[in-house]
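Subject: Structure for your files, with notes

Hello,

Below is the structure I said I would hand over. My notes on it follow.

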Amino acid sequence: FETIKKYREQLPPLRFDCGTGDLLIEYNRKLHQLLTGQGIEHIYEENPGEHEWSYWEKYIGNSLRFFGKQLHS
């Protein structure tokens, strides 16, 4: 987070998501809270699922579309 905060003016658009059953969910929620608290623009989503291929296969399209739009704008 400190690195993100330090380079906030140079950051590309940020987007991340996490499964609600993922062991890392609290870290993702904390990062989301920190970014929000600092007014750092980002997109964060939680979806049903765990830290496994079935989650990524289902939701990777959202990230790919988001970053694809960034490349074309």
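How many bridges join strand 1 to strand 2, and do the strands run parallel or antiparallel? Five bridges join strand 1 to strand 2 (residues 43–47), and the two run parallel. Strands count as paired if DSSP finds at least two bridges between them. Helices (H or I, at least four residues) and strands (E, at least two) are DSSP runs, numbered from the N terminus.

Before the rest, the conventions. This is a predicted model, in which local features need pLDDT of at least 70 and side-chain atom pairs count only at pLDDT 80 or more, while totals for chains, interfaces and linings use all residues. Residues are numbered from 1 along each chain as its sequence is written, and side-chain values use heavy atoms, with hydrogens and water left out.

Overall

The chain has three helices and two strands, in the order α-β-α-β-α along the sequence. Its C-alpha atoms fill a box of roughly 35 × 30 × 15 Å along the principal axes. The accessible surface of the chain is about 5,600 Å², and 56% of that belongs to carbon and sulfur atoms; areas come from the Shrake-Rupley method with a 1.4 Å probe, and for residues only the protein chains shown count as cover. Of the 73 residues, 26% count as buried (buried is under 20% relative accessible area, exposed is over 50%, partly exposed is in between; 1.4 Å probe, protein chains only). Among contacts in the chain with a separation of 6 or more, 67% are between residues 24 or more positions apart, contact meaning heavy atoms within 4.5 Å.

The strands

Five of the five residues of strand 1 (residues 15–19) are buried, so this strand is largely enclosed by the rest of the structure. R15, D17 and G19 point one way from strand 1, F16 and C18 point the other way, and all are buried. D17 stands opposite E45 in strand 2. From strand 1 the chain passes through helix 2 (residues 25–37) to strand 2, a β-α-β crossover that is right-handed. The term applies if, with the strands pointing away from the viewer, the path from the first strand over the helix to the second runs clockwise.

The loop between helix 2 and strand 2

H42 lies in this loop and is buried, with a relative accessible area of 16%. Its side chain makes a polar contact of 2.7 Å with the side chain of H32 (a pair of N or O atoms within 3.5 Å; within protein, one must be able to donate a hydrogen and the other to accept it, and residues adjacent in sequence count only if both atoms are side-chain atoms). A polar atom of the H42 side chain also lies 2.8 Å from the backbone oxygen of I40. Neighbours within four places in sequence aside, H42 is in contact with L14, F16, H32, L35 and T36.

Q38 is found in the loop between helix 2 and strand 2 as well, and is partly exposed at 35% relative accessibility. With neighbours within four places set aside, Q38 is in contact with F1, K5 and R8. Q38 and R8 are 30 residues apart in sequence, and their C-alpha atoms are 9.7 Å apart.

Aromatic pairs

The count is four aromatic pairs. Rings of Phe, Tyr and Trp (its six-membered ring) pair if their centres lie within 6.5 Å; planes under 30 degrees apart are stacked, over 60 edge-to-face, and the rest tilted. One of the pairs is Y55 with Y59, tilted, at 4.7 Å centre to centre and 40° between the planes. Both residues lie in helix 3 (residues 53–72), four residues apart, about one turn of the helix. Y55 is buried, with a relative accessible area of 5%, and Y59 is buried at 13%. The rings of F66 and F67 have centres 4.9 Å apart and planes at 85°, so that pair is edge-to-face. F66 is buried at 14% relative accessible area, whereas F67 is partly exposed at 36%.

P13

F66 and F67 are also contacts of P13, as is Q70, leaving aside neighbours within four places in sequence. P13 is found in the loop between helix 1 (2–6) and strand 1, and is partly exposed, with a relative accessible area of 38%.

Regards
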